[in-house]
Amino acid sequence: GINFTPTAAQAHASITVTVTADDGHGGSAIANSSAVTIANNNPAFADTPSISGTALVGSSLTAINTTITDIDGDTSTLSYQWQVDGVDIAGATGASFTPTAAQAHASISVTITGNDGHGGSTPAMTTSTVLVADSSPIFIATPTITGSAILGSSLAVTNTATTDADNDTVILTYLWQADGVNITGATGPTYSPTATEAHAAITVSVVANDGYGGITIANSAGVTVANNTPTFDTTPTISGAKVVGSTLSADTVISDLDGDTIVQTYQWQANGVDIAGANGQSYTLTSAEARDSITVAVVADDSYGGIAAASSTAITVLNSKPYFEATPAIMGTTDSGSTLSLMNTAATDVDGDSVNLSYQWQLNGVDIADATLETYEIQNSDRGGEISTVITADDGNGSTEIIITEKVAIPAASSGGSSSGAVSWLTGLMGLLLLAGRRLTSRSERRS
């Protein structure tokens, strides 16, 4: 026909037309046109290219939606140029690109061009940008607490090294805990436990922050604060009068760094041997401990396995004087040849010692020779004088009690004959009435 529409089959070809003229009577003429070449059609993107993948350092990005149409049926070749913040990245000319630390936190795009090999190319298409997201820092190992876990000793956290794919500067902060509860103000790389943390499990949380919103927290394993054994600040001492019948007390000063409540137990000893049942803070001496060496062993227990023991310096139980149970007195008649005797001479010793009594009769305050028995026979030479007796109670252990009886008057002889009389029983009765006072005085002297 007079018209012709080239197809892809004629793309890039040289087109001519031959025209034949026929007059219908057998006459014809043929002529050929000059050639025309079918011009090239530029390829075109079928869709808008974009970027696929996770925009992180080390993660691959890929250009997608890069299909090209070409009405000439040409096969097109694609070329790529990746950019960071609009600037070409050297060597980044593939369909995919993996951001490095150099592109951390930057905007990434890619410009794509299609070429059909016949001089036709697409307009350069630049994708919309994707922002390389921040990569959180990573701890290389689990943080570890080092140091002695005791009160007052410094603990430190180690193994806190981190890596950051973005090469960001990582800042570490710390938070120490006791039994899982934050310790106020404990925010450094070291911490020294106080009494508040006694016996607690100590942990530390290490926070790594890269300054771009990337935060990683790592928690250490726990260490338990060891118990401190209580200590005796001074050697235990014993207070109280050191005589039988007196109550002794154990005096102690004990401290505990952990602030634990201390339970004290006691064992009193005589000459190094435990006294049965003597387990209190105080002990009343009995005659069994007379003149013994007394100590007390004290055990301090903090109820957390901490036990300390100490013994006191020894004290010696002093010997107690014997004492008369009543006031001794002379009884009998005062006739010449009569025998005087003594009453109320019973003596007691709280130490349980055997008491030996000795006597010395006196005339007018002067010892009568050989008058050392419990009785005395009045002599004529005693007439007109006063008889008394010195009574000594000796416990055999160096302590004595001496008492002199009230004097008894011996009547003088009369010209008409002998004179007689009797020692008043009132003296004996007065001795009994004065019992309490004498005993109190005697005991006071023994303890002084």
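Buried means under 20% relative accessible area, exposed means over 50%, and partly exposed lies in between (1.4 Å probe, protein chains only). The structure is a predicted model: local features need pLDDT of at least 70, side-chain atom pairs count only at pLDDT 80 or more, and totals for chains, interfaces and linings use all residues. Residues are numbered from 1 along each chain as its sequence is written, and side-chain values use heavy atoms, with hydrogens and water left out.

**A buried charge**

Start with aspartate 74. Its place is the loop between strand S8 (68-69) and strand S9 (77-84). Strands (E, at least two residues) are DSSP runs, numbered from the N terminus. Aspartate 74 is buried, yet it has no salt bridge. A salt bridge is a side-chain nitrogen of Lys or Arg within 4 Å of a carboxyl oxygen of Asp or Glu. Lys and Arg count as positive, Asp and Glu as negative; His and the chain ends are not counted. The nearest side chain of opposite charge is lysine 242, 125 Å away. What is aspartate 74 in contact with, leaving aside its neighbours within four places in sequence? The contacts are His12, Asn40, Asp116 and His118. Contact means heavy atoms within 4.5 Å.

**Salt bridges**

Side chains of opposite charge can pair when their charged atoms come close. The whole structure has two salt bridges.

| Salt bridge | N to O distance |
|---|---|
| Aspartate 351 and arginine 291 | 3.5 Å |
| Arginine 291 and aspartate 353 | 2.8 Å |

Arginine 291 sits in the loop between S31 and S32, and aspartate 353 in the loop between S38 and S39, 62 residues apart. Shared partners join Arg291, Asp351 and Asp353 into one network. Aspartate 351 is buried at 5% relative accessibility. Aspartate 353 is buried too, at 14%. Arginine 291 is partly exposed, at 30%.

**Aromatic pairs**

There are four aromatic pairs. Rings of Phe, Tyr and Trp (its six-membered ring) pair if their centres lie within 6.5 Å; planes under 30 degrees apart count as stacked, over 60 as edge-to-face and the rest as tilted. One of the pairs is tryptophan 361 with tyrosine 376, stacked at 5.5 Å centre to centre with 25° between the planes. Tryptophan 361 is in strand S39 (residues 356-363) and tyrosine 376 in strand S41 (residues 375-377), 15 residues apart. Tryptophan 361 is buried, at 0% relative accessible area. Tyrosine 376 is buried at 8%.

**Positive phi**

Asparagine 65 has a phi near 60°, a positive value in a residue other than glycine. It is partly exposed, at 33%. Aspartate 370 has a positive phi of about 65°. Aspartate 370 is exposed, at 77%.

Notes: Helix = DSSP H or I, 4+ residues; strand = E, 2+ residues; numbered from the N terminus.
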